[in-house]
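Trainee: I'd like to learn how to read the packing in a model. Can we go through one together?

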Amino acid sequence: MKRVCYCCLLVLLLVSCSHLQQRNFEEQDEALSKALKTLGKEGLTATTTHVLVVTLQGCGGCTSQMLSHYKQIVTSTWLVVFCANDPVIARGLLSSHGITVSGAVIDTRDVMIKNRLVDHAPVVFRVKDKRIVYRYDLDLENFAESIEHIKHDSW
């Protein structure tokens, strides 16, 4: 009888956690959609697989690692948003790493931060059918491992 009760509690806990995670992704979907509209971007396309949000005024370690590895990480199916208070400084920082901003969005009004999509460290959202299915908070101490996990995640 105890085992049945424990199993029922475990199933209930798993279902509850799954429901909360789905609700959290739905809230982030709404926040991302609102933020992109505010930034003048129509939204996610059917080919978008990831959304990368990098705060250029965040911790230098996270930002510099992301910028240094940018070309190895980001593909044409990624939407990239750079958060920076000054677009001139942002463009200068990006060009010093050989990054062109033609396909990226520069958020100078902290829209991504205000919508609680990112704090200070870079964040990657995995997208499927224009909906967020997973959020990766990059780990500065295991940066390469975090990136490999994202690149090889085959949901």
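Mentor: Buried means under 20% relative accessible area, exposed over 50%, partly exposed in between (1.4 Å probe, protein chains only). This is a predicted model, where local features need pLDDT of at least 70, side-chain atom pairs count only at pLDDT 80 or more, and totals for chains, interfaces and linings use all residues. Residues are numbered from 1 along each chain as its sequence is written, and side-chain values use heavy atoms, leaving out hydrogens and water.

Trainee: Which residues have the most contacts inside the largest nonpolar core?

Mentor: Leu52, Leu56, Met66, Trp78, Val80 and Phe82, in a core of 23 residues. A second, separate core has 21 residues, including Phe25, Ala31, Leu44 and Val105.

Trainee: And how do I read an aromatic pair?

Mentor: Rings of Phe, Tyr and Trp (its six-membered ring) pair if their centres lie within 6.5 Å; planes under 30 degrees apart count as stacked, over 60 as edge-to-face and the rest as tilted. There are two aromatic pairs here. Tyrosine 70 and phenylalanine 82 form a tilted one, 5.9 Å centre to centre with 35° between the planes. Both residues are buried.

Trainee: Which residues of helix α6 are buried?

Mentor: General idea: an α-helix has 3.6 residues a turn, so residues three or four places apart point the same way. In α6 (residues 143-152; helices are DSSP runs of H or I, at least four residues), Phe143, Ser146, Ile147 and Ile150 are buried. On the other side of α6, Ala144, Glu145 and His152 are exposed.

How values were computed
Helices (H or I, at least four residues) and strands (E, at least two) are DSSP runs, numbered from the N terminus. A nonpolar core is a set of buried Ala, Val, Leu, Ile, Met, Phe, Trp, Tyr and Cys residues joined through side-chain atoms within 4.5 Å.
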